[in-house]
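Student: Could you walk me through this structure, one feature at a time? I am new to it and would like to learn how to read what I see.

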Amino acid sequence: MTDTLYPGADRSQWFAEHYPGSFMNPTRGILHTTEGTGWPDYSGGAEAPHVTAKPDFGAGRLVFRQHFPFDHSARALVNASGGVETNTAGAIQIELIGTCDPRSHQAWASRGIQHIFWPEAPDWALRDLAAFMAWQRQHNGIPLDGPANWAPYPASYGAGNGVRMSFAAWNAFRGWAGHQHVPENDHGDPGNIAFATLISLARSATGDTAQPSTARRVVVWAGATLSAIALLAGVSLPSLLKSNPQITNPSQIKPGQTITLPEDAKPVTPPGDGTPPTPTGPSTPDNPAPNNPAGTLAPGARGTEVRELQQQLNQLGNHLVVDGVYGPETAAAVNSVIRAHPELGAADGVAGPRTRARITSLAAQNTSARPAGSLAPGARGAEVATLQRQLTAIGYPLPETGFYGPQTTAAVNAFIRLNPSLAPADGVAGPKTRARIASAAAAVTTQPVVLKPGMRSPAVKQLQQQLNQIGYKMPTTGYYGPMTTNAVNSVIRKNTGLGKADGVAGPLTRKKIAALAAAR
């Protein structure tokens, strides 16, 4: 039986009488961010989640407000006809007041507006959110597990964000996910929230610190396929896919990715893990046990040195999030270097002094081989700031920090994928990529004030992104086709003073759409 009310939550915005919803048994939880700093009105409940959490900065805690009982569906997800159920699929939904958008974070911070940037949420906020998740586990059975990959905003936005589940994966999913993972939706919240930390805190609160699924995870090694992993685990490929709803394309897994094994699987040890290769000559293992030497970085480490290591590993072709946290993906990337250089000793995921020196050397060699004028992850300076400003102008909003971090990397890769002649999407902005981005940004300043059907431009793409933000669903192609025309007409009809609904986005209509999008 479902426990329907969260203890301590106020119900001053209780919408169940107006929108009773459908009966459901909770099986999953969905994390949203409101992209604002106050209590939303949710259009009188028409777009409300089950619960909203608002930070009380003075008390260092989250204040919870409940809108619907947990045994009836909420309304914060898009549910398109003819696909899968979303709101009614046993989804407990919570909106977190604050933002996952670095651009909003930077703007609010510059104006002194107190808020939570959820990818960098304070410990007390994570603690209280984890307590909510733990309560749902204990009272409604929602597993404390979820996707391994949480993309940063704005790369997390859109149907093709690389983490959104297929229909089959969604139907099989049990646990916690973000709005960015839900099919039929295109929102990217809550960005790269510290999900692993949330799960760890929630498991500690329930006393369930060693869930079977944690022990049933394996990090993909170079050359591995899902079929090979399934064979080693003694399970079928469909069973393995069912345990990994985050995988939407089974043929595209990469080294460092975490795979969850089914409960009946045998343990899988990646080839070479834990077994030192035969040295080719006299050598001392890089990472002797039990005491690691000074200068060693190992799983669990955090800080600037880890961040620098991740940047160097990315220069060798990896795609790590440069977050300064030495997790399984970083360990897997280190192991790939160790296996390629047997004299470094055991591939145990530890970067000792000699391994770090080799990675530094290889990264330097790789950098010197790039064309002059390239910018890559880890770069800093005015040129990076200019690149970020140009990317923002053409629809990839970034804070202008002058540091080439994971958000800039994701934006560059997204641009390259839209321009295949610039491939590969390796996170590097080479001379051709930079020239193409600069050209596109310059074109924005010369775009006409009026946008009409049949036009193709970055300004049209920006208009489509804004329309998506206010609830319209369309691909952001930059081409002003029938879907864009219909959405513009809908806005004109709903807002007096914009003139005739002729499919044309004039100055007033564009200004109105931009204002509506900014308010979301």
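This is a predicted model: local features need pLDDT of at least 70, side-chain atom pairs count only at pLDDT 80 or more; totals for chains, interfaces and linings use all residues.

**Reading the structure together**

Student: Which kind of contact do the side chains of Arg127 and Asp128 make?

Tutor: First the general idea: side chains of opposite charge can pair when their charged atoms come close. In this structure, Arg127 and Asp128 are joined by a salt bridge, with 2.8 Å from N to O.

Student: How many salt bridges are there in the whole structure?

Tutor: A search of the whole structure turns up five. Another one pairs Glu383 with Arg434, where the closest N and O atoms are 3.3 Å apart. This pair ties together distant parts of the chain, since the two residues are 51 residues apart: Glu383 belongs to helix α12 (residues 382-393) and Arg434 to helix α14 (residues 431-444).

Student: What partner does Arg389 have in its salt bridge?

Tutor: The partner is Glu400, and the closest N and O atoms of this pair are 2.6 Å apart. Here too, distant parts of the chain are linked: Arg389 sits in helix α12, while Glu400 is in the loop between α12 and α13 (406-418), eleven residues apart. Arg389 is partly exposed, with a relative accessible area of 42%, and Glu400 counts as partly exposed at 39%.

Student: Let us turn to helices. How should I read the way α15 and α17 pack?

Tutor: Look at the angle and the distance between their axes. Helix α15 (residues 458-469) meets helix α17 (residues 507-518) at about 50 degrees, and the axes are 8 Å apart. With that angle, the two helices are therefore oblique to each other. Their crossing is left-handed.

Student: Which residues make the contact between them?

Tutor: From α15 come Ala459, Leu463, Gln466, Leu467 and Gln469, and from α17 come Arg510, Ile513, Ala514 and Ala517. Sorted by class, the contact between α15 and α17 has six nonpolar residues, two polar ones and one charged one.

Student: Now the backbone. Where can I find cis peptide bonds?

Tutor: Omega is the angle to read here. The bond from Tyr153 to Pro154 is cis, with omega near 15 degrees, and Pro154 lies in the loop between α3 (123-140) and α4 (167-172). The peptide bond joining Asp189 and Pro190 is also cis, with omega about 5 degrees. Pro190 has its place in the loop between β5 (175-178) and α5 (195-206).

Student: What about phi: which value does Tyr42 have?

Tutor: Phi of Tyr42 is near 55 degrees, a positive value in a residue other than glycine. Tyr42 is part of helix α1 (residues 42-45), and it counts as buried because its relative accessibility is 7%.

Student: And where is Glu184 found?

Tutor: Glu184 is in the loop between β5 and α5. Although not a glycine, Glu184 has a positive phi of about 70 degrees. Its relative accessibility is 9%, so Glu184 counts as buried.

Technical notes. Residues are numbered from 1 along each chain as its sequence is written. Side-chain values use heavy atoms; hydrogens and water are left out. A salt bridge is a side-chain nitrogen of Lys or Arg within 4 Å of a carboxyl oxygen of Asp or Glu. Helices (H or I, at least four residues) and strands (E, at least two) are DSSP runs, numbered from the N terminus. Buried means under 20% relative accessible area, exposed over 50%, partly exposed in between (1.4 Å probe, protein chains only). Axes are lines fitted to C-alpha atoms, for helices over the stretch in contact, and angles run from 0 to 180 degrees between N-to-C directions. Angles under 35 degrees count as roughly parallel, over 145 as roughly antiparallel, 65 to 115 as roughly perpendicular and the rest as oblique. A crossing is left-handed if the near helix is turned anticlockwise from the far one by less than a right angle, and right-handed if clockwise. Contact means heavy atoms within 4.5 Å. Ala, Val, Leu, Ile, Met, Phe, Trp, Tyr, Cys and Pro count as nonpolar, Asp, Glu, Lys and Arg as charged, and the others, Gly among them, as polar.
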